[in-house]
Amino acid sequence: MKVLVTGGCGYIGSHTVCELLYANHEVVILDDFSNSKKDVLQKIETLTGQKPRFYEGKVQDKALLKEIFESQKIEAVIHFAGYKAVGESVEKPLMYYENNLESTLHLLEIMQEFSCKNFVFSSSATVYGSPKSLPIKEDFPLSTTNPYGTTKLMIEQILKDLSKSDPTWNITILRYFNPIGNEKTGLLGENPQGIPNNLMPYIVRVANGILPCLSVFGDDYGTPDGTGVRDYIHVVDLAKGHVKALEHFSGLRIYNLGTGHGYSVLDLVKTFEKVNGVKVPYKIVERRKGDIAACYADPTKAQQELGWTAEETLEDMCRDSYQYIIQEAKREKSLK
Ligand code: UD1
């Protein structure tokens, strides 16, 4: 299939581009580098031996979208592009609503105009809010606690309405749990600017001596060791889920992409220390506002309907994440 990947240079997008190419799909990337670096394109080529057609620009830009659909015979779209920082979305809600909603609306309008009606959307487990029970199934009640999450939920609603109005659309909504890790060579990975908000990017920087100490946000949750529990999923497994989604289009579908296992913050720290032979100093601090105690998926639906299962272990995720930061530090040093 010929697939347009918006945000194809980002963390999950770039891993998915590689998996699509490995599975012999043809890829066109649209990215504005707002949260990625240009060298990702070269890295994709190094890894896959292929150079996808690339367009630099914003998904909101309808003229650019038209140009892409006029010149490329796009058969399906995987839509990753969007702002995703929870804290920033609380400070700048209008920016988040404008960017995430407008880009998706423009993309869907142009797709409709060109009769391309196969769409995969990056949603998030954040749409389950604070779940009443675990593991989380796709039909659980939905709610959000911040504008970023609300954009995901609103787009899901737009997609449901679109599917109702025109059942010839194939729309697959993928709700990601907590992606970490990276492909095995350490070439592609997640490299947020400044101080990271998410746990694994923080841990690797402490292990590498860039940051002094991890703050563990609370040890008084109702979890086995008191720290927050999440369903960490290897980004390569997540990327493979998108390939499966493309190959199983059928009307409107919604899937959890998670492993089904919950690990605490301290489980992650201890596993990371063990597999990498490093120390990750940490201190317990106050809970972070808006955090929930525990969140993990029931991934049965994706297993049964897509034939997809996460395969990588927590050990793999910890090993790969550390490899990437070591390699990236070496690459940055060699450029200086
Ligand atoms: C967060 C977002 C979620 C988003 C996801 C992307 C919130 C409320 N949720 O999920 O919407 O889709 O990132 O991956 O922000 N922790 C520490 N110390 C740290 C950082 C995190 O103890 O320095 C803990 C947290 O309290 C939590 C766990 O680690 O228990 C995971 O946190 P994080 O990686 O930020 O992901 P989520 O909060 O689950």
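Which element gives the most to the lining of the largest cavity? In this predicted model, that element is α7, with four residues.

## Largest cavity

Two cavities of 30 Å³ or more are counted, and the largest holds about 100 Å³ of space. Its lining consists of Y11, I180, G181, N182, E190, M200, P201, V204, R205, S321, Y324 and I325. Two or more of these residues come from each of α7 (199–207) and α11 (314–335). By class, the lining of the largest cavity comprises seven nonpolar, three polar and two charged residues.

## Second largest cavity

The second largest cavity contains about 60 Å³ of space. Residues that line it include H79, F80, Y83, N100, F121, T151 and K152. Both α5 (93–113) and α6 (147–165) supply at least two lining residues, and α6 gives the most, with three. Five nonpolar, five polar and one charged residues make up the lining of the second largest cavity.

## Ligand site

A polar backbone atom of S215 lies 2.7 Å from a nitrogen atom of the ligand. An N or O atom in the side chain of R230 is 2.6 Å from a ligand oxygen atom, and a polar side-chain atom of R288 is 2.8 Å from an oxygen atom of the ligand. Taken alone, the ligand exposes 740 Å², of which the protein buries 86%.

Definitions and conventions: Residues numbered from 1 in each chain as written. Predicted model: local features only at pLDDT ≥ 70, side-chain atom pairs only at ≥ 80, totals over all residues. Heavy atoms only, no water. Polar contact = N/O pair within 3.5 Å; in protein donor to acceptor, adjacent residues only side chain to side chain. Areas by Shrake-Rupley, 256 points an atom, 1.4 Å probe, with all protein chains shown as cover. 1 Å grid on protein atoms, 1.4 Å probe; cavity = no way out; pocket = protein on both sides within 12 Å on 5 of 7 lines; lining within 4 Å. Points joined across faces, edges and corners; volume = space filled by probe spheres on them. Nonpolar A, V, L, I, M, F, W, Y, C, P; charged D, E, K, R; others polar.
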